[in-house]
Amino acid sequence: MLPGWRGLCAGAGTGICCLLVWIFYSHLIKEGQLAVGTCEIVTLDRDSSQPRRTIARQTARCACRRGQIAGTTRAKPACVDVRVVKSKQWCEMIPCSDGEICGLLINKSGWTCTQPGGRIKTITVS
């Protein structure tokens, strides 16, 4: 073989291998399917009919790994450890935005996120 020919073949083989992996992966993730470990918001409804109060209802769809379930991290849908949801220790999934303080509701039906200015967001799980 000519010098450099071996390196050229190895580079071409690597390129072809990467191309085949990309084609295989792109066929697995078809339109409408989520990549493992990701979530998307399906519906978001807001009701501001009451003064000083906004009620928002959000539905998310997640493709979680084994041992995980749909939850909330940093105020966005995320896959979280199933143990957190089963035990209703909501603050362990870090559901509030940066700078907010998480508090568990007394009946464990959800949590609150208290902002530095004193404004409180209450989140309930249904």
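**Disulfides, pocket and confidence**

Cys91 is partly exposed, at 28% relative accessibility. In this predicted model, Cys91 forms a disulfide with Cys102, with the sulfur atoms 1.9 Å apart. Cys102 is also partly exposed, with a relative accessible area of 26%. The S-S torsion of this pair is about -80 degrees, so the bond is left-handed. Cys91 sits in the loop between α2 (82–87) and β5, and Cys102 in strand β5, so the bond ties together parts 11 residues apart in sequence.

The structure holds 4 disulfides. Counted along the chain, the bonded cysteines follow the pattern 1-2, 3-4, 5-7, 6-8. Cys39 is joined to Cys62, with an S to S distance of 2.0 Å. The torsion here is about 115 degrees, so this disulfide is right-handed. Cys39 belongs to strand β1 and Cys62 to strand β2, so the pair ties together parts 23 residues apart in sequence. Another disulfide joins Cys64 to Cys79 (S to S 2.2 Å). Its torsion is about -85 degrees, so it is left-handed. Cys79 is buried at 15% relative accessible area, whereas Cys64 is partly exposed at 25%.

The largest pocket has a volume of about 1,400 Å³. Its lining comprises 35 residues; Ala56, Gln58, Thr122, Ile123 and Thr124 lie nearest the centre. The lining divides into 19 nonpolar, 9 polar and 7 charged residues. Strand β2 gives the most, with 6 residues.

Mean pLDDT for the chain is 78, and 75% of the residues score at least 70. Over residues 4–15, pLDDT stays under 50, and the model has 0 contacts beyond four places in sequence. Where pLDDT is low, predicted coordinates should not be read in detail.

Conventions:
Residues numbered from 1 in each chain as written. Predicted model: local features only at pLDDT ≥ 70, side-chain atom pairs only at ≥ 80, totals over all residues. Heavy atoms only, no water. 1 Å grid on protein atoms, 1.4 Å probe; cavity = no way out; pocket = protein on both sides within 12 Å on 5 of 7 lines; lining within 4 Å. Points joined across faces, edges and corners; volume = space filled by probe spheres on them. Helix = DSSP H or I, 4+ residues; strand = E, 2+ residues; numbered from the N terminus. Nonpolar A, V, L, I, M, F, W, Y, C, P; charged D, E, K, R; others polar. pLDDT = per-residue confidence, 0-100. Contact = heavy atoms within 4.5 Å. Disulfide = S-S within 2.5 Å. Buried < 20%, exposed > 50% of the residue type's maximum accessible area, 1.4 Å probe, protein only.
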